[in-house]
Amino acid sequence: MPAWFSGRMMADDWRFGLLLSTGQVMLIQRIEAVHLSPHGVVLMDVDMLREAEGFAAPGGVLVAPTGRVRATVNLAHIVAAFEVADAPGAPDEDTGY
């Protein structure tokens, strides 16, 4: 994961998707902390989203199953990280489309 993107995900409350090695997309709103174990395993504490709000992915979508949104993810299982649209069908702020 690019360092600039993880820094952004730690600074912003936004909708981000983590594509996992299982094909599922975990929806998060923020990275709270990153931990490096003595054995080189990188773990990220994240705040998951509570709802998918119209987002769909072929492999399925993971959201917080309860009101407690904190989760820990092994970085080795993340294939890609990306921003998720703020609201499906909403106009883009820059273009108005």
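Here are a few friendly notes on this predicted model, with an eye on its charged side chains.

1. Let's begin with the overall layout. Of its 97 residues, 27% count as buried. The accessible surface comes to about 6,100 Å², and carbon and sulfur atoms make up 56% of that surface.

2. A word on how the chain meets itself. Among contacts with a separation of 6 or more, 52% are between residues 24 or more positions apart.

3. Now to the charges. Side chains of opposite charge can pair when their charged atoms come close. How many salt bridges does a search of the whole structure find? The search finds four, and the points below walk through several of them.

4. You will find Arg15 in the loop between helix 1 (3-11) and strand 1 (16-20). Is Arg15 buried or exposed? With a relative accessibility of 6%, Arg15 counts as buried, because the cut-off for buried is under 20%.

5. What does the side chain of Arg15 meet in a salt bridge? Its partner is the side chain of Glu53, at 3.6 Å from N to O. Glu53 sits in the loop between strand 3 (42-48) and strand 4 (61-62), so this pair ties together parts that are 38 residues apart in sequence. Glu53 itself counts as partly exposed, at 43% relative accessibility. The Arg15 side chain also has a polar atom 3.0 Å from the backbone oxygen of Ala52.

6. Next, have a look at Asp47 and Arg70, whose side chains form a salt bridge at 3.0 Å, N to O. Asp47 belongs to strand 3 and Arg70 to strand 5 (residues 70-74), so the bridge ties together parts 23 residues apart in sequence.

7. The side chain of Arg30 meets that of Glu32 in a salt bridge, with 3.5 Å from N to O. Glu32 is partly exposed, its relative accessible area being 30%. Which residues are linked in a network of salt bridges? They are Asp13, Arg30 and Glu32.

Definitions and conventions: Residues are numbered from 1 along each chain as its sequence is written. This is a predicted model: local features need pLDDT of at least 70, side-chain atom pairs count only at pLDDT 80 or more; totals for chains, interfaces and linings use all residues. Side-chain values use heavy atoms; hydrogens and water are left out. Helices (H or I, at least four residues) and strands (E, at least two) are DSSP runs, numbered from the N terminus. Buried means under 20% relative accessible area, exposed over 50%, partly exposed in between (1.4 Å probe, protein chains only). A polar contact is a pair of N or O atoms within 3.5 Å; within protein, one must be able to donate a hydrogen and the other to accept it, and residues adjacent in sequence count only if both atoms are side-chain atoms. Contact means heavy atoms within 4.5 Å. Accessible areas come from the Shrake-Rupley method with a 1.4 Å probe; for residues, only the protein chains shown count as cover.
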